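Visitor: I am new to this structure and would like to learn how to read its features one at a time. Could you take me through some of them?

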Amino acid sequence: MDNIIVSAEKISFGYGVVPVLKDISFTIKQGDFVGVVGHNGSGKTTLIKIILGLLPQKEGTVTLFGEPGGKFAGWEKIGYLPQNLSVINPLFPVTVKEAVGLGLLSAKRFPKLFVKQDREKVGAVLADLQILNLQNRLMSELSGGQLQRVMLARALVNRPELLILDEPTNAIDAETRKTFFSYIHSLSQKNRMTIILITHDMGCVGEYADKILYLDKVALFYGSFDQFKKSAKMIEVFGDELSHFISHRH
Amino acid sequence: MDILTILNYGFIQRAFVAGIFVAILASLLGAFLVLRNLSLIGDGLSHVSFGAIALGLFLGIYPMYVAIPLVVLASLLILKLSERAKLYGDAAIGIVSSVGIAAGVILAGISNGFNVDLFSYLFGNILSISQQDVLMSILLSGVVVFVMLLFYQELFSVTFSQELARVTGIKTGRINSLLVVLTAITVVLSVRVVGIMLISSLLILPTVSSLQISRGFKMTLFLGALFAIISVVLGIFVSFFLNIPTGATIVLVNFAMFVLAYSMKKK
């Protein structure tokens, strides 16, 4: 039986009296590539932040790798690329290799000292993503596409089992976006890495995801791509556009 | 009188030792504060140390013994006010700092006896620093730098991004508490070097100068410490030869280095 990586049951969340999510339940298994989609304000990022413990879990239960969310300690198994990279101060004086190295902290015990192998891991992931030449550059000097790759390198440096990408291609051009998703897809195929991709870009979900969670404060749909394209509810939501997503599929 | 001659004076030696230790400490810690937009916490805590030092003088206790625990408590109060009471960070600093000043003014008013001593803490007098102050500076600076080294990666990570730090399993709340407690100790130690009114300069200026030309986080820390040492050494010499206040001279040398670093910055 496949390992369950993420399980959410009846998650509800609101800011004050404004509901953001209601009764969301789903299970993600090892190797799944799940596209979390929905329009702006549908609760996609909020859901991911609850799963990661970045927002308080008010109702429902979350488990990560079989452990209750609040007690989860195996952070080295998770790589996270946040939305729009807005969590980073653009004036922070940090080099690419310093920023990527921070991703290794989850696998380290106190005192978290860096050794030669850590520097090699950073070099290896930068080489994998073909950005080794940027290692001594300041983050503030990078283009949107380069920054995105660096933060992906940071998320991947521990070789995580679960990769969570929140709107990863917002700031990059179409060509770079294609290369980006193609690389992510290869990780899912080669390493059986579990991937959660949050996006409002239905095209890339149609092309790569094998499961889809469609949110609009509630989970309007969760299932496989085949079920998605036949779902009466999704046909009702998307109408003719649904065939457009399907046409992206290879 | 030449430079080597003045180095023979005991009070100059004590000023150099205490000043350099505290300057390195303040500049290292300042990097984390400046990059997290917490620069003014040093200012707020220095105002609290005014009240705490006044209390020490009022009670006839060595002021640092009173100031360290009280300023540490105030630093944690600022943190809790900004987290729990949902106050903006600068509002929390403003509340705690004004209460500290108010307490100091009232104690000075009702005592009548120690206003002159209190004045020396307001503007600092590194040249009159005692053996006890020097030992305390060395000891506490050593402890604070050691703790910073132990938690360097956590402090770096939380400064870079709190959200990403949490997803690497770092308890950001504990690291924030550690940062403000270390800041509180540093502020109290800095009182004798530049005085209550000028402490933030030791925390802010070396880092801001370093940020103009550094190429990475470690380099920012290293250059900040270097600028801090130069400012103390030059500040003591210049103030001695020109017979002007030392704390203020250290601050102005720091500012001159900022102007120099800014002019060297690649536009």
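Visitor: In which helix of chain B does Leu179(B) lie?

Guide: This is a predicted model, in which local features need pLDDT of at least 70 and side-chain atom pairs count only at pLDDT 80 or more, while totals for chains, interfaces and linings use all residues. Residues are numbered from 1 along each chain as its sequence is written, and chains are lettered from A and ligands numbered from 1 in the order in which they are written. Helices (H or I, at least four residues) and strands (E, at least two) are DSSP runs, numbered from the N terminus, and Leu179(B) lies in helix H10, residues 172-194 of chain B.

Visitor: Why does Leu179(B) count as buried?

Guide: A residue is buried if 20 or more other C-beta atoms, placed from the backbone, lie within 10 Å of its own, exposed if 12 or fewer, and partly exposed in between. Leu179(B) has 24 C-beta neighbours inside 10 Å and therefore counts as buried. Contact is a separate idea, for which the C-beta atoms of two residues, placed from the backbone, must lie within 7 Å; leaving aside residues up to four places away in sequence, Leu179(B) touches Phe32(B) and Leu155(B).

Visitor: At what angle do the axes of H2(B) and H11(B) cross?

Guide: Axes are lines fitted to C-alpha atoms, for helices over the stretch in contact, and angles run from 0 to 180 degrees between N-to-C directions. Angles under 35 degrees count as roughly parallel, over 145 as roughly antiparallel, 65 to 115 as roughly perpendicular and the rest as oblique. The axes of H2(B), residues 10-35, and H11(B), residues 199-213, come within 7 Å and cross at roughly 70°, so the two helices are roughly perpendicular to each other. The residues of this contact divide into eleven nonpolar, three polar and no charged, where Ala, Val, Leu, Ile, Met, Phe, Trp, Tyr, Cys and Pro count as nonpolar, Asp, Glu, Lys and Arg as charged, and the others, Gly among them, as polar.

Visitor: How do H11(B) and H13(B) cross?

Guide: The axes of H11(B) and H13(B), the latter spanning residues 246-264, come within 8 Å and cross at roughly 15°, which means that H11(B) is roughly parallel to H13(B). In the contact of H11(B) with H13(B), eleven residues are nonpolar, four are polar and none is charged.

Visitor: In what order do the strands of the open sheet in chain A stand?

Guide: Two strands pair if DSSP finds at least two bridges between them. In chain A, four strands form an open sheet in the order E2-E1-E4-E5, with antiparallel pairing. Strands E2 (18-29) and E5 (67-68) of chain A stand at the edges with a single partner strand each, so one side of each is left without a neighbour in the sheet. Eight bridges join E1(A), residues 4-15, to E2(A), and Ile4(A) stands opposite Lys29(A).

Visitor: Which strands are joined to E8(A) by five bridges?

Guide: E3(A), residues 33-37, runs parallel to E8(A) and is joined to E8(A) by five bridges, with Val36(A) opposite Ile198(A). E7(A), residues 162-166, also runs parallel to E8(A), again with five bridges, and Ile164(A) stands opposite Ile196(A). E8(A) itself, residues 194-199, is mostly covered, six of its six residues being buried.

Visitor: How many residues of chain A are in contact with chain B?

Guide: In this model, 24 residues of chain A are in contact with 21 residues of chain B. The side of chain A that touches chain B has 17 nonpolar, five polar and two charged residues.
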